[in-house]
Amino acid sequence: MKRLLLSSLVILIGITFLGRLSYLQIFSFSPDQIAEDPAIKTIYDYPERGYIYDRNGKLLVGNDPAYDVMVIPREVKPLDTLEFCSLLNLEKEKFIKQLRKARVYSPRLPSVLVHQLSKEDYGRLQEKMRKYKGFYIQKRSLRYYDTNSAANVLGYISEVNERDLAKNKYYVQGELTGRTGVEKQYEEILRGRKGVQYIQKDRFNRDIGPYKSGSLDTIPEQGKQISLTIDKVLQEYGEQLMVGKRGGIVALEPSSGEILSMISGPTYDPSLLVGRKRSRNYTKLYNDTIANPTWDRSILAQQPPGSPFKTLNALVALQEGVIDENTTIRCYNGFYVGRSKKGCHCGGGLRNVNSGIYKSCNAYFAGTFRKIYEKFETTDEGMDVWEKHMKSFGLGNYLGYDLPYGQKGRIPSKEYYDKWYGDNRWSSSYIISNSIGQGEVLATPVQLANMTAAIANRGHYFTPHILKKIEGEAISNPKFTEPKHTTIDRKYFEPVVQGMADVYRKGTAKWVQIPDIEIAGKTGTAENFTKIDGVRTQLTDHSVFVAFAPVHKPKIAIAVYIENGYYGSRYAGHIASLMIEKYIKGDVTRKDLEKRMLEKTLEHEYAKPYSGEEFKINEYVW
Amino acid sequence: MLNPIVAKSLRLMNMSGKSVLKRIDWLSVLFYLILVFIGWLNIYSSTVTEAEPQILNFKALHGKQLFFAGVSILAILLVLALEVNFYERFSSLFYLIAMVILLGLYPFGKTIAGATSWYDLGFFNLQPSELAKVATALALAKYLSDIQTDIKRRKDQLYAILILLIPAILIIPQPDPGSALVFFALLFVIFREGLPLYYLGILFLVILIFVATLKFGTLWLTISLALLTTIFFLIKRKTFKVPIIPFASALVAIVLFSLSVNFVFNHVFEQRHRDRFSLWLRLEKDPKKLEQIRKTIGYNTYQSEKAIESGGLIGKGFLEGTRTKGDFVPEQHSDYIFSTIGEEWGFLGTSLVVLTFTFLFLRLIHLAERQKNPFSRMYGYGVVSILFIHFLINVGMVIGILPTIGIPLPFMSYGGSGLLFFTILLFIFLRLDANRLKESF
């Protein structure tokens, strides 16, 4: 035993080691991946990112060449730092810091030393670059914007971060990817595919020819050109009108669901987020948490829709057969909910669908709303039916458009109220505000525009979308080319459309008429509140207008939402009418109105809640 | 300075030398040469630079190692040339000198990477713990082979263990716990000479409880021990009269020991030691965090495993190890030299090295057992024990089945003192073996 102790241990350990080694080297043998193998240099050939055009072929986004100075730390030889820094236009400390950072990232992989040199710097540097071992210039392309508008739609590109690298193996450090908007949504189409070339290196880091005789190399695939549904002229015009105002405008082509313009105010010039100044400018924009220019109000701002929502309630009531064109309800300059009276500005008197809409009578729609619920035995049942109809207009859920962000809005369901008030402890009077688009209903501007398009089409809509063509070829995605039908029969739309046309002819929007164009629209004035020092405070009403034109064969459906713009026709109505005229006629004849709208700002309204003083709301100052 | 010694030793060899070279165990020498050659080849591969690829470059690490290989050959000649009973006679003196040199480190030593383990001799740094291994193996053999020593006596057992404990205690505070650990391998010699094997049982139990405490905690250990003993009693109560009191006190001792393990682990160990154990025993349950620990605290092992893995069956070829070139594995020319072999020579290379070591050890044990002189046998066992523990801990660490303990791989890792004294250690035994049939002690 004592003689065998050590020998048997020696044999045992020998076998264990051989076992472990065969496990490592034979069973879990993993040959080094090319990209990680330090003996193989990978050279990328970046294709140009695809251009972006508007619906009429006008250029929105192109490219500018840019030059990054790259460094491979372990190949760096001692150099004249001062001279190099002056060539690079860089302080010495910064240079040393960057170099250290690159070495920490990887001594043998290239890192960016200086981002996006100017053309002049590049010119000076190019000739002398050979002197500096371990440094080289990588050509990239930068986005060039042929417009100062549509920043929210186009989005921007920036360098990939750790998360992107982990998520998508395609990217390597220093590459660019779309961050928001179309750039993000259609990243792969715009980007193309980079070409790859593998170079075999020997142990002294010298190139000794293509790896595996180039059999793994690929040639770059160009990024594709795309055309958006945006009308550049209309987009730019809308953004000019929105100067000094907050809110969103969305204009659609009802017959196709194409987004003609999508405006968020305030906005910014997309060129701000290009190149070396991108991150500084982005921080500035991002930190403006009050005006919030990077927040796309056209698709993200969920607000009470106000009176435009009445048109849908009228449609539901007609569809459910609880009213017809001649059903009348009397307005007593308001209506009663239990014992409390809610006001109405329509002037009082008997109202039917037509005058209810064009005079925007609250009492008429409260009564109509009650009738919908009274048709059913329980409010639950009524609620379900109502919710189903409303959601068929694309409200209360993501619309499914091709932009990377969105909000659901809200169509309250019975579950919503059960949660809020307790099971069955609410009745139609609790939810009556929904009849006039206040209360719990919320919608984004793009949802309002889509709803308007559905009315314009008398019962169906096409999912709004931003992409029109890829490389000149129209999109064929059935998601966007096939109509979605609402739950309201076509015949019930005429009286509502008639009412909306009368809004414009003789109702709440008769001040915004456009010569020669017949418009159907609906004004809205949405009450809204904020908290100031914890106190719920009412602010000046939001100004809302939805419209489509012409009434027959509509070419454009539009929703304009101006925060704190007071009553509907005051800002939203005027802006909508200018947009419609601009789109249909190509020019605006009412120069006075145009001038006024371009110059007016609401900054004084937006300053009120932050003034720290008492303030009045809904003032008639013009 | 060397010349007169070499001349003298060559003269000495001529007197009785021809026969020494004839009678030396050439198989062991062959294994030795294979290992040194492979070691140097891989040191060259992991330290050669683009600027200076030439082999005879004594500024480069591989050049220095080549120089020490030369010195080692001179040392071999000297070792073989000396009188055979020289080693036995002066072993106590060697031991004493080695201990003094170890002590001398504290006032005069040179600190490299936090450890005061070297003397700066100008042209090279001497690591006296390597020398102490040779001296201790000699001294232990000398003590055990003494006619007065009876290993069955407690007092003599204590003295024997003290011989290997003293250098260990002197080395620990350098700090170099890895080298200190090596001396405990000499326990194999004492076991061979009759130390009762239940000591080994106790040692094994201590290690087991240590690991089990860290892995499962004292509570679970106690519960499972209680369960096991209950079952044991239930089964054996008819046939076996259990001595309750010693049995119970043994159990209590185990629990107390387990508690003290917790204390030592949490309060005596440093964080880096705790990290190594928590990595080795996979104390972290969350696989994501474990992977994180593997890549940070376990960086060296992680990289060496990866390098070995990427070698596959036949390896990437000499000087073609891309991870070796990229300096992925830290200390690759010294403690982690085995990973270079793994990457560039694949499983063929690593298994060749493992088999060569294994055959060398078995051969040396065989040689030790055939000694007539007990001193030679015991010294032979000491040599195998020391080489074997290095092999076990180093390769175990590099291939990721033992925690990180920084000791070199004999004959292969970069390091002048290491190569020189491992060579001396081995060749003293081969010198003794060559004389085994001669009665002329």
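A crossing of two helices is called left-handed if the near helix is turned anticlockwise from the far one by less than a right angle, and right-handed if clockwise. The views below come from a predicted model, in which local features need pLDDT of at least 70 and side-chain atom pairs count only at pLDDT 80 or more, while totals for chains, interfaces and linings use all residues. Residues are numbered from 1 along each chain as its sequence is written, and chains are lettered from A and ligands numbered from 1 in the order in which they are written.

**View 1. Helices α2(B) and α16(B) cross with a left-handed sense.** Helix α2 of chain B (residues 26–47) packs on helix α16 of chain B (residues 337–369) at an angle of about 160°, their axes lying 10 Å apart; helices here are DSSP runs of H or I with at least four residues, and strands are runs of E with at least two, numbered from the N terminus. Because of that angle, α2(B) is roughly antiparallel to α16(B), a word kept for angles over 145 degrees. The contact, in which C-beta atoms placed from the backbone lie within 7 Å, includes B:Phe31 and B:Ile38 of α2(B) and B:Phe359 and B:Leu360 of α16(B).

**View 2. Chain B meets chain A through 35 residues of chain B and 30 residues of chain A.** On the side of chain B that touches chain A, the elements giving two or more residues are α9 (187–192), α14 (299–311), α15 (322–325), α16 and α17 (374–398) of chain B. The largest share of that side, 11 residues, comes from α16(B).

**View 3. Helix α12 of chain A (residues 308–319) is mostly covered.** Of its 12 residues, 11 are buried, which is said of a residue with 20 or more other C-beta atoms within 10 Å of its own, the C-beta atoms being placed from the backbone. Among the buried residues are A:Phe309, A:Lys310 and A:Asn313. After α12(A) comes A:Gly321, with a positive phi near 75°.

**View 4. Strand β3 of chain A (residues 59–71) runs antiparallel to β5 of chain A (residues 135–145).** The two strands are joined by 11 bridges, where pairing asks that DSSP find at least two, and A:Val69 stands opposite A:Ile137 in β5(A). With strand β4 of chain A (residues 111–117), β3(A) is joined by 4 bridges, again antiparallel, and here A:Met70 stands opposite A:Val112. Strands β2(A) and β3(A) form a hairpin with 5 residues between them, and A:Gly57 in the turn has a positive phi of about 85°.

Key
Axes fitted to C-alpha atoms, helices over the stretch in contact; angles between N-to-C directions. Parallel < 35°, antiparallel > 145°, perpendicular 65-115°, else oblique. Contact = placed C-beta atoms within 7 Å.
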